[in-house]
Amino acid sequence: MRETGTVIIASSYTRDFKEVSAFHPSIDNNISWADVSVLHDGYELSRQQKLKYLCQSENLPYLSRLRVCWDSAHKTNCGKCEKCLRTVTGLALEGVDPNKCNFDIDTNTFPRLRDNFTKGKFKADAGLVYIWSDIQKHIPELIDIDIKGSKEFLNWLRGLNISQYRANRLSHFLWMARLQYSNKRIKTEAIFRKSKCYYYIILSKLGVV
Ligand SMILES: [Zn+2]
């Protein structure tokens, strides 16, 4: 780590976020080791404000390599996890086609996203409410641009009472399992190995082995 200088950690929230969170400048900015310091970057801007900045014409060339997905083991954004979907929504809101930003969306993407909310597939927490509320605040009364069904979705999202969102545990579990499998986070061999372990644990409890 010699001559690393400063490690920059992008902020998740702004000072408006009142919940206790480890994503905070008072933590990041006080971390240092050897000659390396840490900077919590962009705390003054919300996520949608950052996207707005990135969607300015001079920045658009960089967006072709945008990578936000932390779920996929592939090189591209999965386009299905909550973080990908909130980014896809934010880009469409700024009038930028997500397919030019390292995503692969189609006309099913926004209906599926709406379904994720109505069926409680996303995990419900203060961060989700905060981030989607931020997107809501930026939706204009009149939406001019439609990208693969974004207009209909944004009009629906504007009226959603996000603070009342509740996750459905079963829907969330099944959605996560499918997502992790398609993102190669669950491998068949790993499931087989784990099942074999449990099989022998059960046998030992029964005194068979
Ligand atoms: Zn993703």
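Trainee: Why is Cys 78 called buried?

Mentor: Cys 78 has a relative accessibility of 17%, and buried means under 20% relative accessible area, with exposed set at over 50% and partly exposed in between (1.4 Å probe, protein chains only), so Cys 78 falls on the buried side. Cys 69, with a relative accessible area of 7%, is buried by this rule as well. Please keep in mind that this is a predicted model, in which local features need pLDDT of at least 70 and side-chain atom pairs count only at pLDDT 80 or more, while totals for chains, interfaces and linings use all residues. Residues are numbered from 1 along each chain as its sequence is written, and side-chain values use heavy atoms, with hydrogens and water left out.

Trainee: What makes Cys 69, Cys 78, Cys 81 and Cys 84 donors of the zinc ion?

Mentor: Their SG atoms lie at 2.3 to 2.4 Å from the zinc ion, and donors are N, O and S atoms within 2.8 Å of the metal (3.2 Å for Na, K and Ca), although sites may look incomplete because water is not among the atoms. Along the chain, these donors follow the spacing C-x8-C-x2-C-x2-C.

Trainee: Why is the site of the zinc ion called tetrahedral?

Mentor: The angles among its four donor atoms run from 106 to 115°, and four donors count as tetrahedral if all angles lie between 85 and 135 degrees, so the site meets that condition.

Trainee: How do you know that Lys 52 and Glu 94 form a salt bridge?

Mentor: Their side chains meet at 3.4 Å, N to O, and a salt bridge is a side-chain nitrogen of Lys or Arg within 4 Å of a carboxyl oxygen of Asp or Glu, so the pair qualifies.

Trainee: What makes Asp 115, Lys 119 and Lys 121 one network?

Mentor: Lys 119 pairs with Asp 115, the closest N and O atoms being 3.3 Å apart, and the side chains of Lys 121 and Asp 115 meet at 3.2 Å; these salt bridges share partners, which joins the three residues. Lys 121, at 13% relative accessibility, counts as buried, while Lys 119, at 45%, counts as partly exposed, as does Asp 115, with a relative accessible area of 22%.

Terms used. Four donors count as tetrahedral if all angles lie between 85 and 135 degrees; four count as square planar and six as octahedral if opposite donors are over 155 degrees apart and all others between 65 and 115; anything else is irregular.
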